[in-house]
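Hi,

My notes on what turned up follow below it.

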Amino acid sequence: MNSAIIEHVKLQNITFWSSVPCSILNPLYNVFSRSDDIRSVTATSEGEAVGIASGAWLAGERAGVMMQNSGLGNAINPLTSLNIPFQIPLALMITWRGKPGMKDEPQHEFMGKITPSLLSLLEFGAEEISTDLVRLEQSFRTLAAQLDERKSHALLIPSGILSSQAFDVTPSNEIVTTSVQNFLDNRGIPTRYKAIEACLDTLPELSAIIATTGKTGRELFTIGDQERFFYQVGSMGCASAIGLGVALNSKLPIVIFDGDGAALMKLGNLATIGNQSPENLIHIIFDNGVYDSTGGQFTHSQTTDFAEIAKACGYCNVYRANSIEGLRKSVTNAVKESGPNLIHMKIAPGSLKNLARPTVSPSEVAFRFRTFLTKHKL
């Protein structure tokens, strides 16, 4: 059964998978981690895994997520506020712990009971994988057809379907030793709008930019709409995960415009970025110390050193800046250096009054961004 599932994944050309560990899925992890045809990335949370796979789809791949249903709740936010409005389709292989009638741990009982109805509420197609090879083939054909229609689809895998295996992949990444470069001065902390303008003036014309949810994306759109811009709405904290998925499947410079509040929400993303080490990734955290889009409540960035965190997570180059001149120097260096790169940029709270919202629908933003990336596939 293990080999049959792997064969159908390859036949349906699902070339990229992000996952969160589950012992039931070890046979698939082992094969995908060694495959020349499939890229596999382990995430620190299910929501992050959804973001990474979504980025891979934006870069032109057919992508999927493997997870245990006990973590499905962690994926609900990006699935509902990223994948559905942007029509980013994902193949979901979800182990069905606590399936009614099957003995399992007590923490899986309730989620096991509601898993099919939860997927139904998401309006995703969902079906249990069968050991009958004809039905199995049909399940994967249905999955592929749904992906072609830009709809996510789930295959549920109960215990006992896959033969048991130990995880036997050896980690290949080494700890990176890097230093933090400071471009700090007393020229005055700029607004986010001015900082974004400076970035656009300094970055290569063919760089693709993922802007975190809220006023960051709205300001980027106000400066000037372009097909190479992805304005994230919802799925807070996932911009860096999306950017990682894009960077692993594109040779273009990939730039993340992140916020301090969003970065704090999914700090595990930084560990995955450092582990995967995409050379073409520039991660910029605009830090104003507040949740600007929700009324200016304080974040915890006053007691958080993003630069040191990125250094500890394995980013190759890390910069601190607090002025437009320092930001320009940081971006110029980051473009020249092999990444991943992180720039921690201090900015002033606040934004433009009567700030515009993107007039392009999320699904169109995703489609044209994917078109831009695939057009420039190197």
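This is a predicted model: local features need pLDDT of at least 70, side-chain atom pairs count only at pLDDT 80 or more; totals for chains, interfaces and linings use all residues.

**Cysteines first, then the whole chain**

Searching the whole structure turns up zero disulfides, a disulfide being a pair of cysteine sulfur atoms within 2.5 Å. C313 is in none, and its nearest cysteine sulfur, that of C316, is 12 Å away.

Residues are numbered from 1 along each chain as its sequence is written, and side-chain values use heavy atoms, with hydrogens and water left out.

So what is the relative accessible area of C313? The value is 22%, so C313 counts as partly exposed; C316 is partly exposed too, at 23%. (Buried is under 20% relative accessible area, exposed is over 50%, and partly exposed lies in between, with a 1.4 Å probe and protein chains only.)

C313 sits in helix 12, which covers residues 306-313. Leaving out residues up to four places away in sequence, C313 touches L270, A271, G274 and N275, where contact means heavy atoms within 4.5 Å. F221 is 92 residues from C313 along the chain, and their C-alpha atoms are 31 Å apart.

Now for the chain as a whole. There are 14 helices and 15 strands, both taken as DSSP runs numbered from the N terminus (helices H or I, at least four residues; strands E, at least two). The radius of gyration is 21 Å, close to the 21 Å from the globule rule for 378 residues, so the chain is as compact as a globular protein of that length. That radius is taken over C-alpha atoms, and the rule is 2.2 Å times the number of residues to the power 0.38. Along its principal axes the C-alpha trace spans about 70 × 45 × 45 Å.

Of the 378 residues, 56% count as buried. Take the contacts between residues at least 6 apart in sequence: 79% of them join residues at least 24 apart.

Cheers
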